[in-house]
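Me: I am new to this structure and would like to go through it step by step. Could we look at it together?

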Amino acid sequence: MIAIEPHTGKIKVWIGGLDFKYFQYDQVLAPRQVGSVFKPVVYSAAIEHGARVDAYYKNEQKSYPKYDDWTPRNSNNQYGGFYTLKGALSQSVNTIAVEVLLQTGIDTTIAHARRLGIESNLPSVPSIALGAANIPLKEMVLPYMCYANNGTLVRPYYLVSIKDRQGRIIYEADAPQREKVLPSNDAHMMSSMLSAVIREGTGKRLINNYNLDMAIAGKTG
């Protein structure tokens, strides 16, 4: 787990494993397939490049001859109906995520991910829409910070200063780097879409089962 203040970049919680005595492997830094938590990057790239948020996309299973007849499927194997971008993201519809990626362009989406802070290798294949890339948690959290901070990326830091026993400062961190990487309106739209994930989508158990009745935006993975 990692928890960061999106407006300041201050890392408040960093839990790399169960017990360092037995597991000296930091899971926050470990690259792993990120799954559907990458989908917001796909959708924000689409919005930035002109996708209409009120347009409807058909939930249909398709094969893509250009990619060896790859046929993505939904986790519940259910198809049919139409979804807006918000609906498709809140219900984590795989088929639409892939279609949105291909309409936007894989390379365009990868370039968008780079601006949002993703530095790991992103293969130029449609399955990145479903989280096929291996990205550490410390990196994957950065786009979400952008959405929560009006499109501004603040680089995370955990150390403010070091003092000696006399209280003299022997190290003080520089001000965190800040960069506007997303239009504010796009960031607000993504926050709204990610709130729908919790209110009515795949993350609603946070409210129904755990009574977390507060303002939450997020994505199941």
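This is a predicted model: local features need pLDDT of at least 70, side-chain atom pairs count only at pLDDT 80 or more; totals for chains, interfaces and linings use all residues.

Me: At what angle do H1 and H4 pack?

Reply: Helix H1 (residues 39-48) and helix H4 (residues 106-115) pack at about 105°, and their axes are 9 Å apart. H1 and H4 are therefore roughly perpendicular to each other.

Me: On to pockets. What is the volume of the largest pocket?

Reply: The largest pocket has a volume of about 650 Å³.

Me: Which residues lie nearest its centre?

Reply: They are Ile-2, Leu-137, Val-141, Tyr-144 and Lys-219, out of 24 lining residues. Strand E3 (32-33), helix H5 (137-148) and helix H6 (184-200) are the elements that give two or more residues to this lining.

Me: Which element gives the most to that lining?

Reply: H5 does, with six residues. By class, the lining of the largest pocket comprises 18 nonpolar, four polar and two charged residues.

Me: And how much space lies in the second largest pocket?

Reply: About 180 Å³ lies in the second largest pocket. Its lining includes Asn-59, Asn-74, Tyr-79, Gly-80, Tyr-83 and Gln-91.

Me: How do the residues of that lining divide by class?

Reply: The lining of the second largest pocket has three nonpolar, nine polar and no charged residues.

Conventions. Residues are numbered from 1 along each chain as its sequence is written. Side-chain values use heavy atoms; hydrogens and water are left out. On a 1 Å grid over the protein atoms alone, a cavity is a set of points where a 1.4 Å probe fits but cannot get out, and a pocket is an open set with protein on both sides within 12 Å along at least five of seven lines; lining residues have an atom within 4 Å of a point. Grid points are joined across faces, edges and corners, and a volume is the space filled by probe spheres set on the points. Helices (H or I, at least four residues) and strands (E, at least two) are DSSP runs, numbered from the N terminus. Ala, Val, Leu, Ile, Met, Phe, Trp, Tyr, Cys and Pro count as nonpolar, Asp, Glu, Lys and Arg as charged, and the others, Gly among them, as polar. Axes are lines fitted to C-alpha atoms, for helices over the stretch in contact, and angles run from 0 to 180 degrees between N-to-C directions. Angles under 35 degrees count as roughly parallel, over 145 as roughly antiparallel, 65 to 115 as roughly perpendicular and the rest as oblique.
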